[in-house]
Amino acid sequence: MSRHSVHRTRWDRLTTDELYGIVRLRNRVFALEQHVSAEDFDGRDREPDTEHWWFGTEADAVGYLRLIRPAPDEQHPADAAAPAWVVGRVATHPDHRGTGIASRLVGAALAEHGHEPVVLHAQEYVAALYERHGFVRFGAPYAEAGITHVGMYRPGA
């Protein structure tokens, strides 16, 4: 597996090494660095439609995001179509930030699913990353896990 390419799969196709790399990265970023106390593993990773996207080697993911199907009450702009996907758990290893990994992952996921409406809940300080991919802020900023977030929506292309 090339270190410098984007990979994706669903839960039932993840190898133990791939899962280990993903879990290790998510733990590093969300638990150790950002001190998020909310449960990261919410059961959504295992749903049949969930897609895991990562950048790195099998056992050493340095960037990650997941695509899940929206919950019935998923927030989105009132005048817009309901989203088909929710981008979440976006994480880049601290040693690899500023190299475009998150943008590559978002771009790859949108290349596959950008014809459908997509929503995400961005940490406010990185919202510009998503705006470059056509997402627009909606609603008021809010605190989640002690971090200011903003809802963002991208209509299907």
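Strand 4 first. In this predicted model, strand 4 gives seven residues to the lining of the largest pocket, the largest share. Strand 4 covers residues 85–92.

How big is the pocket in volume? About 960 Å³. And how many residues line the largest pocket? There are 38. Look for the ones nearest its centre: Phe-30, Arg-89, Val-90, His-121 and Gln-123.

Now the other elements. Those giving two or more residues to the pocket lining include helix 1 (16–33), helix 2 (101–113) and helix 3 (127–131). Strand 3 (60–68), strand 5 (118–123) and strand 7 (147–154) are also among them.

What is the lining made of, by class? It has 19 nonpolar residues, 11 polar and eight charged.

Next, the largest nonpolar core. This core holds 23 residues. Which ones touch the most other members? Leu-65, Leu-67, Leu-120, Tyr-130, Phe-135 and Met-152. Helix 2 gives the most to this core, with six residues. Strand 2 (51–57) is one of the elements giving two or more residues here, and strand 4 is another.

Notes. Residues are numbered from 1 along each chain as its sequence is written. This is a predicted model: local features need pLDDT of at least 70, side-chain atom pairs count only at pLDDT 80 or more; totals for chains, interfaces and linings use all residues. Side-chain values use heavy atoms; hydrogens and water are left out. On a 1 Å grid over the protein atoms alone, a cavity is a set of points where a 1.4 Å probe fits but cannot get out, and a pocket is an open set with protein on both sides within 12 Å along at least five of seven lines; lining residues have an atom within 4 Å of a point. Grid points are joined across faces, edges and corners, and a volume is the space filled by probe spheres set on the points. Helices (H or I, at least four residues) and strands (E, at least two) are DSSP runs, numbered from the N terminus. Ala, Val, Leu, Ile, Met, Phe, Trp, Tyr, Cys and Pro count as nonpolar, Asp, Glu, Lys and Arg as charged, and the others, Gly among them, as polar. A nonpolar core is a set of buried Ala, Val, Leu, Ile, Met, Phe, Trp, Tyr and Cys residues joined through side-chain atoms within 4.5 Å. Buried means under 20% relative accessible area, exposed over 50%, partly exposed in between (1.4 Å probe, protein chains only).
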